[in-house]
Amino acid sequence: LSEQSYPFWVTAYGVVLMMCLWIWGTWVRYDAPLRRKLLVRGAAVALAVGLGIWMLSPPSPLAVTFEPFEPARITEARNEGRTVLLKFTASWCVSCRWVDWQVYNDDRVADELEARDVLVMKGDVTSSKSPASRMLDERFRGSPPLTVIFPPAGGEPIFLVGKFSRAELISALDRARASTTATSPDG
């Protein structure tokens, strides 16, 4: 679980708990045999406890560590010759959770980003008044999940729209590096 998805899991557990209470109260009649009552109600309790332990476990951080969104840092890092990865996300975005779980929670991705010295930032656009939301609306005219990879100064941004795989992210990072070497005076 990530910190951002934790409210989703708490809400989902509320639904599970309501279902377990419904099973407890309606699946056996008052005059049902004791064995049936114990079986049905025991299953309801076991389901509530088991899923509670699984769904309400404390959130763990993603393998990739994101810096908070700061537009000036993007320009600064690019001018220093660094690639910048900017992930636009929102608390209501279910596909963003999928990308977090499948891509950014992978130690290999974290190692690759670190090895390439990529500045990794997260722009939360849950609030329409946030700086990240303004950039998303004004510059990219998109919606989350959107990952923008900025090659070092001079290269055009590369967009990963919607769900994407670890391999697609690595390929985009390779393209960012290639666009830099193609435009540099040495390459």
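## Close-up views of a predicted model

**View 1. Asp-117 sits in the loop between helix H5 (107-115) and strand S3.** Welcome to the first stop in this predicted model. The backbone angle phi of Asp-117 is near 55 degrees, a positive value in a residue other than glycine. Is Asp-117 buried, partly exposed or exposed? With a relative accessibility of 43%, Asp-117 counts as partly exposed, because that class lies between the cut-offs of 20% and 50%.

**View 2. The loop between helix H6 (131-140) and strand S4 holds Pro-145, and Arg-141 lies in the loop between H6 and S4 too.** Begin with Arg-141, where phi is near 45 degrees, again a positive value in a residue other than glycine. Arg-141 is exposed, and its relative accessible area is 71%. Then look along to the prolines. Which form does the peptide bond from Pro-144 to Pro-145 take? That bond is cis, and its omega angle is near 0 degrees.

**View 3. Five strands form an open sheet in the order S1-S3-S2-S4-S5.** The pairing in this sheet is mixed. As background, strands of a sheet pair through backbone hydrogen bonds, either parallel or antiparallel. Which strands stand at the edges? They are S1 (67-68) and S5 (158-161). Each of these two has a single partner strand, so one side of each is left without a neighbour in the sheet.

View 4. To find your place, look for Glu-67, which stands opposite Met-121 in S3. Helix H4 (residues 94-104) packs on the sheet, where it touches strand S2 (84-89) and strand S4 (146-150). The direction of H4 makes about 145 degrees with that of S2.

**View 5. Strand S2 has S3 as a parallel partner and S4 as an antiparallel partner.** How many bridges join S2 to S3? There are six. Among the residues to look for here is Lys-87, which stands opposite Thr-147 in S4.

**View 6. Strand S2 is largely enclosed by the rest of the structure.** How many of the six residues of S2 are buried? Six of the six are, so the strand is largely enclosed.

**View 7. Helices H1 (residues 6-26) and H2 (residues 34-55) pack with their axes 9 Å apart.** The angle between them is about 175 degrees. That value makes H1 roughly antiparallel to H2, because angles over 145 degrees count as roughly antiparallel. Residues of H1 in the contact include Trp-9, Val-16, Leu-17, Ile-23 and Trp-24, while those of H2 include Val-40, Arg-41, Leu-47, Leu-51 and Trp-54. Sorted by class, the contact has 18 nonpolar residues, one polar and one charged.

**View 8. Gly-42 is one of the residues in helix H2.** Its relative accessible area is 34%, and Gly-42 is partly exposed. How far is Gly-42 from Arg-166? The two are 124 residues apart in sequence, and from C-alpha to C-alpha they are 42 Å apart in space.

**View 9. Stepping back, the protein chain has seven helices and five strands.** Reading from the N terminus, the elements follow the pattern α-α-β-α-β-α-α-β-α-β-β-α. The radius of gyration is 23 Å, well over the 16 Å that the globule rule gives for 187 residues, so the chain is more spread out than a compact globule. Its C-alpha trace spans about 85 × 35 × 20 Å along the principal axes. What share of the 187 residues is buried? Buried residues make up 41%. As for contacts between residues at least 6 apart in sequence, 70% join residues at least 24 apart.

Technical notes: Residues numbered from 1 in each chain as written. Predicted model: local features only at pLDDT ≥ 70, side-chain atom pairs only at ≥ 80, totals over all residues. Heavy atoms only, no water. Axes fitted to C-alpha atoms, helices over the stretch in contact; angles between N-to-C directions. Helix = DSSP H or I, 4+ residues; strand = E, 2+ residues; numbered from the N terminus. Parallel < 35°, antiparallel > 145°, perpendicular 65-115°, else oblique. Contact = heavy atoms within 4.5 Å. Nonpolar A, V, L, I, M, F, W, Y, C, P; charged D, E, K, R; others polar. Pairing = 2+ DSSP bridges. Rg over C-alpha atoms; globule rule 2.2 N^0.38 Å. Buried < 20%, exposed > 50% of the residue type's maximum accessible area, 1.4 Å probe, protein only.
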